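Please read these points with the structure open beside you, and check each one against it as you go.

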Amino acid sequence: MCIFCKIIAGEIPANIEYQDDNFIVIKDIAPTAPVHLLIIPKKHLSNIMEIDSTLAGNLFTKIKDIAAQFGVQEKGFRLVINTGDDGGQTVGHLHIHLLGGRALSWPAG
Ligand code: AMP
Ligand code: ZN
């Protein structure tokens with residue numbers, strides 16, 4: 001089982017900020033911004049290449065809700081989906097980084 005599946009199953013601890021039937025939101029263990037959340041579909045998908053339109057729609061709707069809940073919708077935030085080796089993905093379970101709470105520089109990487 002991958003590390004995020006273990007967190008979803010309650011086998012290893014995490015700072016869980018929100019969860020429902022389809023998604024879990026945790027604090028990143030190594031935050032790079034005052035708000036650094038990981039929005040994780042509970043279904044194990046290796047990366048964004050495996051997503052379907054239903055999940056994609058639900059995911060973006062959930063991201064909007066989470067952004068509002070964490071108070072970053074006014075000043076803004078950044079979503080990051082690292083994919084594969086060149087994308088710097090280190091955990092092979094689809095997750096979206098939500099970064100906010102400070103002015104972020106661009107371009108990244
Ligand atoms: P990525 O590079 O997009 O695959 O990002 C994986 C992220 O997961 C990194 O930002 C890590 O800091 C984070 N991470 C890894 N293990 C844990 C964990 N047990 N709890 C919370 N965040 C984690
Ligand atoms: Zn998994």
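How far from a nitrogen atom of ligand 1 does a backbone N or O atom of isoleucine 29 lie?

1. The distance from that backbone atom of isoleucine 29 to a nitrogen atom of ligand 1 is 3.1 Å, a polar contact being a pair of N or O atoms within 3.5 Å. Threonine 90 places a backbone N or O atom 2.7 Å from an oxygen atom of the ligand, and a polar backbone atom of valine 91 is 3.0 Å from an oxygen atom of ligand 1.

2. This is a predicted model, in which local features need pLDDT of at least 70 and side-chain atom pairs count only at pLDDT 80 or more, whereas totals for chains, interfaces and linings use all residues. Residues are numbered from 1 along each chain as its sequence is written, chains are lettered from A and ligands numbered from 1 in the order in which they are written, and side-chain values use heavy atoms, with hydrogens and water left out.

3. Around ligand 1 there are 16 residues (each with a heavy atom within 4 Å of it), and the closest are Asp28, Asn82, Thr90, His95 and His97. The largest share of this shell, three residues, belongs to α1, a helix being a DSSP run of H or I with at least four residues.

4. Ligand 1 sits in the largest pocket, in the sense that more than half of its atoms lie within 2 Å of the pocket's grid points. A pocket here is an open set of points on a 1 Å grid over the protein atoms alone, where a 1.4 Å probe fits, with protein on both sides within 12 Å along at least five of seven lines; lining residues have an atom within 4 Å of a point. Of the 19 lining residues, Phe4, Ile26, Asp28, Ile29 and Leu38 are the closest to the centre of the largest pocket.

Note on methods. A polar contact is a pair of N or O atoms within 3.5 Å; within protein, one must be able to donate a hydrogen and the other to accept it, and residues adjacent in sequence count only if both atoms are side-chain atoms. Helices (H or I, at least four residues) and strands (E, at least two) are DSSP runs, numbered from the N terminus.
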